[in-house]
Amino acid sequence: MMRGRGAGRFRRLVAGVATADAKMRGAEDWRRDDFQQHTSASLTINENADPTVRVDLENAMNRIVPESWHETMFRHVEEGPDDMSAHVKATLITPSVRVPISNGGFAMGTWQGVYLNEHRSVGGMGRGHTRDVVVAFDAPTSTVAQKTIHVSAGKRGLQDITGAIKGAFDADELRAVDIGTVHCFIKHTSASISLGAAGEDFEDAFESALNRIVPETWNDEFFKHTYEGPDDMPGHVKSTLVGASVDLPVIDGEIVVDEECRRVYLCEHRNVGGFGCGLTRSLTLNYKARHEMRK
């Protein structure tokens, strides 16, 4: 249960998490899915060290989706001024996160935490601030391989990492199953991973759009988490909007990405990169079987 509106650290806030954690301790290389069952709340992965990040994230989302739209454009207004704006925020951030597990523990970055974001002052209809989260695990037998790769954008902006992901697995591993998925998880809170159109035009437009959506001027206006530089807190907000993971299909032993029109991008949101790692970012790749293994 959340105490109120905003981002709260998701540890034992929901019934069943303790049981799920106990099950996880018996796991090896799995994936864990957390799915919250509401349309005015969301889940995200972001910095778990400084609590002002959560305050700034809430205030940033209120700027991105202002409640003044209740008066100027929204039609779904029957449940109050924070309701439709909450639905939009929940769509932007998404209701679920997928986290890799390695050796029985979260294979997350040092500074990463999972947050339940409450977007309404009064909570959900008939539930208040009590939110239900479903926790699910992949079967351990479905894991074909788990890898960690290190990639660099070289500078702020987008870097095509499709080749690095494909090159992480050898041909025998990819041929192990007919149908599967590769879950790509970035272990940082000021960078993200995304699928997008191929080409520099998209890369430049994407970076420009993010800078307009989350301007660095917010450091002077209302951000409190500012001591790591003007690009840091905006980087955290961008990482929540873009996301920490993508799933790629594997069919007949090949990671399927239409390379002529779509690529996998590392989105570097800082000029200097992450704390202690610079522009080098780490990703965990989980290759999972979704079909009977080949004989």
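Two residues are in contact here when heavy atoms lie within 4.5 Å. The model is predicted, so local features need pLDDT of at least 70 and side-chain atom pairs count only at pLDDT 80 or more, while totals for chains, interfaces and linings use all residues. Residues are numbered from 1 along each chain as its sequence is written, and side-chain values use heavy atoms, with hydrogens and water left out.

Start with two helices; helices (H or I, at least four residues) and strands (E, at least two) are DSSP runs, numbered from the N terminus. In helix α2 (residues 52-64), Val 53, Asp 56, Leu 57, Ala 60, Met 61 and Ile 64 meet Met 233, His 236, Val 237, Thr 240 and Leu 241 of α9. The axes of α2 and α9 (residues 232-242) come within 10 Å and cross at roughly 65 degrees. Axes are lines fitted to C-alpha atoms, for helices over the stretch in contact, and angles run from 0 to 180 degrees between N-to-C directions. The two helices are therefore roughly perpendicular, a term that covers 65 to 115 degrees.

Next comes strand β3 (residues 41-47). Seven of its seven residues are buried, so β3 is largely enclosed by the rest of the structure; buried means under 20% relative accessible area (1.4 Å probe, protein chains only). β3 pairs with strand β6 (residues 112-118) in the antiparallel sense over seven bridges, where pairing requires at least two bridges found by DSSP. Within this pairing, Glu 47 stands opposite Gln 112 of β6.

Two further residues are also buried: Trp 218, with a relative accessible area of 7%, and Phe 223, at 6%.

Technical notes
Buried means under 20% relative accessible area, exposed over 50%, partly exposed in between (1.4 Å probe, protein chains only). Angles under 35 degrees count as roughly parallel, over 145 as roughly antiparallel, 65 to 115 as roughly perpendicular and the rest as oblique.
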